[in-house]
Amino acid sequence: MSRRIFLRHLLCLVLLIGSAAGQGSELRFCLRAEPKTFDPLKVDDDASLTIRYLTGGVLVRVNRQTQGLEPELAESWKLSKDARQITFKLRRGLRFSDGAPFSADDVAYTVKRLMDPELHSSTGDAFRSGNSKVETKILAPDQIAVIFSAPVVGLDRLFDQVAIVSSHSANKDGAVLGPFMVAEYKPGANILLKRNPNYWKKDSQGRALPFLDSIRLDIQPNRDVEVLRFRRGELDLINSIDTEYYDRLASSSPAVVHDAGPSLDSEFMWFNQVATAPIPAYKRDWFRSTSFRNAISAAINRDDLSRVVFNGHAQPAVGPVSPANKFWFNSHLHAEPYKPDSALQRLLADGFRLQDGTLRDKAGNAVEFSIVTNAGNKYRERMAVLIQEDLSKIGVKVNVVTLDFPSLIERIAQKFNYEAAILGFQNVDLDPNGQMNIWLSSAENHAWNPQQKSPETAWEAEMDRLMREQASATDPKKRKAAFDRVQEIVAEQAPFIYLINKNALSAVSTSVEGASPVILHPQTYWNADRLTLHSASQASR
Amino acid sequence: MNLARTLACVVLLLVCVVSLGAGWFAPSGYARQFREAPSSPPSRQHWLGTDDIGRDRFARVLYGTRISLLLAPAAALISTLLAALVGGLAGYLGGIWLRLATGFTDLFLSLPWLFLLITVRALLPLNVSPLVSVLITFLILGLLGWAASARVLAASAQTLRSSDFVLQARATGVRGFRLFLVHVLPNLKPVLYAQFWISIPVFILSEANLGILGLGVAEPLPSWGSLLRELEGMMSFRDEPWRLVPLLLLIVVMTSFQTLLTDETEEVAA
């Protein structure tokens, strides 16, 4: 090798090292929308939630891996027996990113602001009980009690969502206690989070966290572009990825994709049971028949839905709680097996008859109904087409209709002008209290027959009672027993015919060390303060 | 007839014949689900492989082509007739009628047609069979797609109205609707034909647009729009090139139409 070539190589190496050193370790991934707010107490959208998770310091944190509650800014906490009071013992000597000291004053200020009705905080709504009055009592600079006028179920876990804001700092949004802080925001382009120099946590070897110097969040609504950029190495992770993209990435680089198993999300179908709905009376009678609903449920091949529609990255759903929810899932229940013959027998026993391949009711009406779902969601459309084929085997004709989302919501929630629908729930809350607005017969999201003045059926009355019971009980065992029974009723009555639970799929570049994707949000960066990047990947950018 | 036009005619004819014989060329049908072989590559059983839920892609392309090629002309006929009625009559009558029709047409053209289609479709009854849904989709396209043609026809009718032969007919005592039917309408024929042919590819693409949004023809019936949706999420042409066949077919058909129309326009101009 000539001296000239050697010098050229040396120069390249120096430049590479120089650029890597100048850039620092920067994790990059995408937000799918612009964050609506940087105020952690007003967060109501996914993008803002991401910022809050990465920048906000909380008193207690739900460990995304174990689903257990762990101390953060609070060293310890004590919940009163009546679930009306929680007392936190705070860590001492902590500082916000702007240098302001952290004390019980900040917790009191945060709680006061959170519960201010003028703020319209959805995080605050979860704490509202009784007359919504909340008091704070500072017992010492590092000790504070938060007192509610009525019991709040799952009170301690709710504080996982409350990022403490500074009472003293001039720039409230800029002073944070989390591992990162917002350094730059270019609307429509990106958000740069930089390492919080005052972050309090250290790893087991005593090294200051976080390891990363910064996180760049590119605002990118197009998933195709997101995946292409990930493939090109411009992004380090995709937090939640569709089945198709997952399989394509898996075929080219299997080491980057992660299937964490069934998520909390569920897809389901239901029939319109609203008494005043503008549908023929004979159809309403079918839809209000438990036996009819159960027969339809048994005639749906959930294994095929999972295997064909989601390429195996989904599990047949059991009920309102995914098996991923370790504590609240009723393990005595199982997914409805595919039994078209017994489904048909059940319908025949109910007075239906099969005539020239068409199922007819007692009055001779052909069993035909439409299933609506939102246009553009290809997985729901495909599920509807598979269900259409499955039900044709028992003589039921299904028409699949896709509507734009606003029209769909208008039909199913306002005019009740539909017959059956397929939609899904994205659950972020492990606690069943988050499902009160679904199971109470008076609730708006009681989709099959919402806003009932009084429960129209005995089983709905029982569900109302059980849901209220679990919401007021403070003993976790009693709550679990009540909610287990709710799950049993749902399985028996099939107001929602649960179809599948999607798996939590994500992609993480091999250059990221320490990532361990989980099912709870945020799946890939829940331990962002402990993630590191290979220096080689930094240099190549 | 030049070579390009002949070639375009042959291509269109071939596509029409093959799509009309879909039942013979693809006996498995467009709706049958081979659930054990979803997203499979081309094989002897499935010449273009299967789609995401195991349906034979070749059969779906043929049936989808048949639907688009049969119903787009029907929608074009409806829209051209409406355009002739509104634009032709307004141009012939002139005065306040022309101003009213022009204002109404301009208003219609200023509406965001895609949202209008989505809204109209959302208002329709849900419990209709896929075949009825496809008829409804093209009927809506036909009923909403007349405005641009109406303006062209109004301008042509206005020119004819003051032409020598119409003046001569008037002088001989021909009046009113008879004058329109016997002397004006026959002379609007070349423009009507041109508008009809121009509308066909427009409606094919409109249905494809609706289909891509998932708002076109109801499942399990295929259409070019729903077939093109399969390309969503495709990262590389090299991965599964056979999935590009519907897109290539659409391009070939549209190019053939364009070739025919360009020559037609040149002939009319000459």
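In chain A, strand β16 (residues 368-374) and strand β17 (residues 397-403) run parallel and are joined by seven bridges, where strands count as paired if DSSP finds at least two bridges between them. Helices (H or I, at least four residues) and strands (E, at least two) are DSSP runs, numbered from the N terminus. This is a predicted model, in which local features need pLDDT of at least 70, side-chain atom pairs count only at pLDDT 80 or more, and totals for chains, interfaces and linings use all residues. Residues are numbered from 1 along each chain as its sequence is written, while chains are lettered from A and ligands numbered from 1 in the order in which they are written.

**Around strand β16**
- Within the pairing of β16(A) with β17(A), Asn374(A) has Leu403(A) as its bridge partner.
- β16(A) is also joined by two bridges to strand β18 (residues 420-425) of chain A, and these two strands run parallel, with Val372(A) standing opposite Ala421(A).
- Because six of its seven residues are buried, β16(A) is largely enclosed by the rest of the structure; a residue is buried if 20 or more other C-beta atoms, placed from the backbone, lie within 10 Å of its own.

**Helix α12**
- β16(A), α12(A) and β17(A) make a right-handed β-α-β unit, meaning that, with the strands pointing away from the viewer, the path from the first strand over the helix to the second runs clockwise.
- α12(A) is largely enclosed by the rest of the structure, because 12 of its 15 residues are buried, including Tyr379(A), Met383(A) and Leu391(A).

**Strand β10 and its partners**
- Strand β10 (residues 214-219) of chain A pairs in the parallel sense with strand β1 (residues 26-31) of chain A over six bridges, and Ser214(A) is the bridge partner of Glu26(A).
- Strand β9 (residues 190-195) of chain A runs antiparallel to β10(A) and is joined to it by five bridges, with Leu193(A) partnered by Ile215(A).

**Confidence**
- Chain A has a mean pLDDT of 91, with 94% of its residues reaching 70 or more, where pLDDT is the predictor's confidence in each residue, from 0 to 100.
- In chain A, confidence is lowest in helix α1 (residues 3-23), at a mean of 50, and highest in helix α9 (residues 290-298), at 98.
- Where pLDDT is low, the predicted coordinates should not be read in detail.
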